[in-house]
Structure formats: structure tokens, C-alpha cells
Amino acid sequence: MNAAPPQARPQRGDELELQIDSLAFGGEGVARLGESGYVVFVAGAIPGDRVRAVVHKRKRSYAHARTLEVLSPSPERIAPLAQHPGVAWQVIPYERQLEIKHAQVREALERIGHLEGFELEEIVPAVEQWRYRNKLEYSFGNTDGGELVCGFHAPAGGNAVLAMDDCLLASELGNRAREIAAGWCRAQRLTAWERGGGGPARTREQRIGPASDGRVRLRNLVVREGRRTGRLQVRIVTTDGELDAGGLAAALAKGLGESLDGVLWTRSDRPAETTQGGETELVWGEGELPERLGELDLRISAEAFFQTNTEMAEVLYGIAADYAALEGWERVYDLYCGIGSIALTLAPRAGELWGIELVEQAVADAIAGARRNEIEKVRFFAGDTRLALPELLERAGRPDVVVVDPPRAGLSKKVVHRIIEASPRRIVYVSCNPTTLAPNAAELVEAGWRLARVRPVDMFPQTHHIECVALFERS
Ligand SMILES: C[S@@+](CC[C@H](N)C(=O)[O-])C[C@H]1O[C@@H](n2cnc3c(N)ncnc32)[C@H](O)[C@@H]1O
């Protein structure tokens, strides 16, 4: 089918021929239409490509499209290695990926935050360009022919799940766990749940409840790996219903031997595509996965966040420690502390440390981690940073250094104001999204801190995701 010449404002479903001239935050290619310069964000395209793409979302001032065909490839394009929808940047040479990420950090801080005068250090390349993830969340789906598949969603949305032979972001061991679990589910003739409603005739129960024979329908498979310990945790996420979970654990134990650390089963009736929430039970082995990070001996609960690239987390925390420049007497707050890995890493160089984290199970892991590693000067609390920070200030006193490592949405205005009130000498901001770091940074600078240094770290090769550490010093 021939693509239509670009209109000033395309409609949903239109096929367009587009020339890609840059990459947006979030990784999509950017094309501009006609004299108006109407922007189309194009998934699956890189600068220099000429593509045929279909519009799937249209707004007043921009649209989103999905590449159907690369008509004329960018001279930079390289052959993809992986059949994997999560690695859209694999067609960009790795050195170039690093340059783009470095430039996007600068652009976010300068253009969104209107900041200047800071030192943007070189980006730290990843140790491994493939097979670096310690956690993979796979989805179960049914093919049109009714076959059960366990893989990833097709790019740019949609409910279809693509089968996966070898996930090049996971280790060979992690792949083996997925193959065994999926094979066992197929042998049991289990089916996947129906995403996206399954048609108007279906009731809520039919969509998110058990299959008609009373057995579960499969939602996700989460495989987590202790990269330094070689141990695996496998969690199957299903609808309500019956499952021979012991049989699944036996199959995994037989295939993985000593490497299998624990098998968990989560039953969830959430309509959304998420592996969080629901009721989780331990089926076999241990509930917390052992991992080592630098000198630390850690255990990670299924519900707790842990940096997905263990090797690069060590590098990231090293930079955070460098920026914190502790002399041994300081009071340090670790906000959004997860299982406490930053606070525990900084402990040998600090006077006292206090961590706040929302997920109770992660806080339990942090407290146990402090005990296991014989670190006494650290205290962890469960709570929402926004509400818990004033209480912590009263209890612990003003911090000398605050480390923050928030989710992608960054810090709310309220939290920024609470940090400003706490008035630390130094703020170390670990960010997984420079576009939310930038406005937070602008507020801190406005309040009297100086953005001194920023260092991007590549935790996620072959993807658009950018991590960086920023240092603010009170002027
Ligand atoms: C990017 S992770 C960082 C965790 C940890 N610093 C690390 O390096 O592993 C963000 C953490 O913030 C927690 N979190 C999210 N919202 C929160 C809130 N409002 N208050 C406290 N913690 C929150 C999440 O559960 C998650 O553990």
C-alpha cells in the first residue's frame, strides 16, 4: 500500500511517509510536517530514516505513529541483534547511543530547567551491552491459533504478546527459567488472561477471573536473578483459580538445580497490566533473593525495587558516594531508599543515616540488610516521603546531606519544599528521568543551591532510558 503524502494534520489511521530528523526524550524519532512543523513522534525510527508509518494517536499539536516500513535507512543504522520490542535503540551503534543520552541530559537541564554553569561529566558506559538485566517481567498471551506464548508486548502498545526464543537482556540462566516455566504451563494446557477487555460482551469476572474449568489464567512471569550469587527467583502472576504451583516449582527445581532460590505465586484481579499488588505466596524455597552489591550482602523481596543492572548500580552508587563527599561525621538522609542499598553503601563514610521508603517489604529488607552487614548507624522507616519527611526532621534533626532517588515522575513540589526547609549542605539526586530532574533542579537552584556536577550513567543499553546523578551544593 502506498503511503499518503504528509498532510498538515494527519488523522488516526493515516499512513505517512516521514523523514526523521531527531530523537525525542522517550526514544521515538521526530518528524515534522509541512510548514506548520506539526510534530509526529515515530516509534521504531531513528534520525536519518525515511519511513512509512501509521498514526495511532493524534492531538492538536502532535501525533504518535508506528513505523511500518523503513523506506530508506539512516546511514547510522546497524542490523538488530534481538527479536525484542524493548530494545528499540539496538539499531543505533552503542557509542552513538551514549552520545545521544549525554546530549539529552544537557538538553533537559538547559531547555526544561533553564540551567547553566554546571559541569556535565562524561557518560559512564555500561559494563555489558547485552544480558545485563537482573529482572525480566514477561507476559503470557494466546496466539490466534490458541497457542500459549510467554514474551513481550508488541511495540507501540497493543495487546498481542510476541513469543521469545532468547531474551538478550536476560542471562542464559534467566532464559532457561522462562523456558521451563512456559513449557510447564503449556503442558498443563493453561491459558492466558484476556487483556484489553476481550470485547464488550465479557463481564469483569470473565476478563480477570479464572478460566471456565476453574483453573487460573496466566498473566506474567517475573524472573529475578542475583547476578553476583547466581541464584534465581521465579514468580508466576495469575488470575484467581486453581494452579498446581508445587508442580511448577518441581519442574523449575529439576531444570535449574542449585540455581533456583525461590518460587512465588501471585494471584491478582487487577484489570491493569501490572505485576504489582495481589496476593503473593511462597511456593518453594526462599522468599528473598540473595544478591551482593560491592561489599554488601543483600536479600531482595519480590515486592521491593532493586536496580535492574547490578554491575552498573555499583558504579552509580560509587558516583553518588563521590558526590556526597562524606567525611565521617555527617547526618545523611536516603529518601526513596528501596532496600537501603545507597544508605548501606554510604554507611562506612557517614556519621548516621536515615532512610524512608514507601514499600514496607523493602523497608523490612533494608532493616535486615543493616543487621546482616553489621551496620548500626542506619535507621529505615516505611512511609511516603512527602508525609514522613517532617517527622524525620523532628526525630533525627537537620541532615547535612540528602540523597534522593525518586521514581520516574521525580519529586513533587511538596517534597522539594520539604527538602529546602531541611536545608542540607549537599543534595545528591539520583535520577532515572532527566526531564523530571530538570524542573526539580530549577527549583533547588532558585532556592539557593548550585547545580555543581551531573554524571550520566548508562544502566540500560539498547534502550532510551537515561540514568544520571546530580550534585547540588548550598551556595
Ligand atoms: C528508583 S527507586 C530507588 C530505590 C533505591 N534508592 C535503590 O537504588 O535501589 C525508587 C523507590 O522509591 C519508592 N517510592 C515511590 N514513591 C515513594 C514515596 N512517595 N515515598 C517513599 N518512597 C517511594 C519506590 O518503592 C522505590 O523503592
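Visitor: In what order do the eight strands of the open sheet with mixed pairing stand?

Guide: A word on the model before the order: this is a predicted model, where local features need pLDDT of at least 70, side-chain atom pairs count only at pLDDT 80 or more, and totals for chains, interfaces and linings use all residues. Residues are numbered from 1 along each chain as its sequence is written. Strands (E, at least two residues) and helices (H or I, at least four residues) are DSSP runs numbered from the N terminus, and two strands pair if DSSP finds at least two bridges between them. With mixed pairing, the eight strands of this open sheet follow the order β7-β23-β24-β22-β21-β18-β19-β20.

Visitor: Which are the edge strands there?

Guide: Look for strands that pair on one side only. Those are β7 (119–120) and β20 (378–382).

Visitor: And inside that sheet, which residue is the bridge partner of Pro456 in β24?

Guide: Strands β23 (residues 449–457) and β24 (residues 467–474) run antiparallel and are joined by eight bridges. Within β24, the partner of Pro456 is Cys468.

Visitor: There is also an open sheet of six strands; why is one side of β1 and of β2 left without a neighbour in it?

Guide: The six strands of that open sheet, with mixed pairing, run in the order β1-β5-β6-β4-β3-β2. Both β1 (15–19) and β2 (22–23) stand at the edges, so one side of each lacks a neighbour in the sheet, because each has a single partner strand.

Visitor: Which residue of the hairpin of β3 and β4 takes a positive phi?

Guide: On one side, β3 (residues 29–33) pairs antiparallel with β2 over two bridges, where Val30 stands opposite Ser22. β3 is also joined to β4 (residues 38–43) by five bridges, again antiparallel, and there Ala31 has Val40 as its partner. Four residues lie between the strands in this hairpin, and the one with a positive phi near 50° is Gly34.

Visitor: Which residues does Leu316 contact, leaving aside neighbours within four places in sequence?

Guide: Two residues are in contact if their C-beta atoms, placed from the backbone, lie within 7 Å. By that test, the partners of Leu316 are Gln307, Val430, Val457, Met459, Glu467 and Val469.

Visitor: Is Leu296 buried or exposed?

Guide: Leu296 lies in strand β17 (residues 296–301) and touches Ser341, Leu344, Thr345, Gly369 and Asn373, not counting residues up to four places away in sequence. A residue is buried if 20 or more other C-beta atoms (placed from the backbone) lie within 10 Å of its own, exposed if 12 or fewer, and partly exposed in between. Because 21 other C-beta atoms lie within 10 Å, Leu296 is buried.

Visitor: Which residues come nearest to the ligand?

Guide: A residue is near a molecule if its C-beta atom, placed from the backbone, lies within 6 Å of it. Both α6 (341–346) and β19 (352–357) supply at least two residues of the shell around the ligand. Of the 19 residues around the ligand, the nearest are Phe305, Tyr336, Gly338, Leu358 and Asp405.

Visitor: How many residues does domain 2 bring to its contact with domain 3?

Guide: Domain bounds come from an automatic or database domain assignment. This gives domain 1 (15–77), domain 2 (96–128 + 309–474) and domain 3 (135–293). In the contact, domain 3 provides five residues, while the number from domain 2 is six.
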